[in-house]
Amino acid sequence: MTMVQRKGVAETEELISLRCVNTIYQRFATGPVMGRWFSGFRERRFLANRCPRCGRTQIPPREICAQCRVRVEDFVEVGPKGEICEIDVYYYASPDPLTGKVRETPYATIYILLDGATEQETFAHRLRKEDIDKARKGDRVRPVWAEETKGRFKDLLYFELDR
Amino acid sequence: MATERENKENCFVVEAKMALPNHYFAGRIGSRFIVSLRDHHQILGVRCEKCHKVFVPPREYCERCWTKLDENWVTLGNDGEVTNYTVVWYNERHLPRKAPYVLAQIRLEGADTTLTHIIQGIDPEDVHVGMKVSAVFAEKTTHTIMDLDHFEPV
């Protein structure tokens, strides 16, 4: 709540503002197809699936090819290294949807074309903080894994420049 | 593929908590509306002289002719009539009451628009359009619209 003295107004005008933090509990489920992607993390592998009709790789894998609408059953290993196609640097401290904690800024998301993935099928992940100023489009990157990989979302920490 | 689907080994569930830090500003008009509820137990609206309409909650400009209305304050009655209502049947942490509760649109005496608020003190099954209700103000302020706590049948 704030009190504000406005020009030409004799008495103080009270203006109301409120701060509050709304929290929403969420549960994300992968299902078995996208889950193969995470189960590949255990062995530090990236498992995409490949459309039998158009040959496009999907990351993360989907049950159906999003373009051909046919069932996709073949998995292929891509990466682990790749090329940066796009870099987004964030200066706005948005909350992390998994924890609700405000992220440290700046942080960068890179769109990576993993080796063996078909053109335009990039994969977005975090870039190592120290590499934000150095990284350019076309640079090669490699994944950095957690000490122990259990097939979890958090197994893959970020990507760093492969120099 | 059927066996693949039954294979729970590849199914992962991630529990998460989304927290949204918000900063709401009621605005000059909204602030005066809330201060009046809180300090004087009076519900204020604004009148458009050109359209002969009284709006509640108050707004800075007439939605029909864009005339500025911030000086045309009117005090509305604390009684009104239910023009529409719904019963909320689910519980959610951010909702103002435990289910079931009644949310109604109420046309206050002197107003041409409706105010949406809670109706209490009646079985949800007995609420009906045309019912007369009266405002009950909160004992403890939250500096929000909830300083008008609810409406109850007259």
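Two residues are in contact if their C-beta atoms, placed from the backbone, lie within 7 Å. This is a predicted model, in which local features need pLDDT of at least 70, side-chain atom pairs count only at pLDDT 80 or more, and totals for chains, interfaces and linings use all residues. Residues are numbered from 1 along each chain as its sequence is written, while chains are lettered from A and ligands numbered from 1 in the order in which they are written.

**Exercise 1. Place Ala124(A) in chain A and find what it touches.**

Solution. 
- Start with the element. Helices (H or I, at least four residues) and strands (E, at least two) are DSSP runs, numbered from the N terminus. Ala124(A) lies in strand S9 of chain A, residues 123-127.
- Next, find the contacts. Residues up to four places away in sequence are not counted; Ala124(A) then touches Thr109(A) and Tyr111(A).
- Now judge burial. A residue is buried if 20 or more other C-beta atoms lie within 10 Å of its own, exposed if 12 or fewer, and partly exposed in between, with C-beta atoms placed from the backbone. Ala124(A) has 12 other C-beta atoms within 10 Å, so Ala124(A) is exposed.
- Finally, take a distance. Ile84(A) is 40 residues from Ala124(A) along the chain, and their C-alpha atoms are separated by 9.6 Å.

**Exercise 2. Describe chain A as a whole, then its open sheet of 3 strands.**

Solution. 
- Count the elements: chain A has 1 helix and 11 strands. Their pattern along the sequence is β-β-β-α-β-β-β-β-β-β-β-β.
- Check the burial: of the 163 residues in chain A, 23% are buried.
- Check the contacts: among those between residues at least 6 apart in sequence, 50% join residues at least 24 apart.
- Order the sheet. Two strands pair if DSSP finds at least two bridges between them. The open sheet of chain A runs S5-S4-S6, with antiparallel pairing.
- Look at the edges. S5 (57-58) and S6 (74-78) of chain A each have a single partner strand, so one side of each is left without a neighbour in the sheet.
- Take one pair. S4(A), residues 46-50, is joined to S5(A) by 2 bridges. Here Asn49(A) stands opposite Gln58(A).

**Exercise 3. Work out how chains A and B meet.**

Solution. 
- Count both sides: chain A gives 32 residues to the contact and chain B gives 29 residues.
- List the elements of chain A that give two or more residues to its side: strand S2 (13-15), strand S3 (17-29) and helix H1 (31-41). S3(A) gives the most, with 13 residues.
- Sort the residues of that side. Ala, Val, Leu, Ile, Met, Phe, Trp, Tyr, Cys and Pro count as nonpolar, Asp, Glu, Lys and Arg as charged, and the others, Gly among them, as polar. The side of chain A that touches chain B divides into 16 nonpolar, 11 polar and 5 charged.
- Find the strand pairing: S3(A) and S1(B), residues 13-25, are antiparallel over 13 bridges.

**Exercise 4. Trace helix H2 of chain B.**

Solution. 
- Compute the span. The expected span of a helix is 1.5 Å times one less than its number of residues. The 14 residues of H2(B) should span 20 Å; the end C-alpha atoms are 19 Å apart, which agrees.
- Pick out the buried residues: Ser31(B), Arg32(B), Phe33(B), Ile34(B), Val35(B) and Leu37(B).
- See what they pack against: S2 of chain A, together with S2, S8 and S9 of chain B.
- Step past the end. His41(B) follows H2(B), with a positive phi near 50°.

**Exercise 5. Follow S2(B) to its partners.**

Solution. 
- Check the cover: 5 of the 6 residues of S2(B) are buried.
- Take S4(B), residues 73-76: 4 bridges join S2(B) to this antiparallel strand. Gly45(B) has Val74(B) as its bridge partner there.
- Take S3(B), residues 53-55: S2(B) pairs with this strand in the antiparallel sense over 3 bridges. Cys48(B) stands opposite Lys53(B).
- Inspect the hairpin of S2(B) and S3(B). There are 4 residues between the strands, and His52(B) takes a positive phi near 55°.
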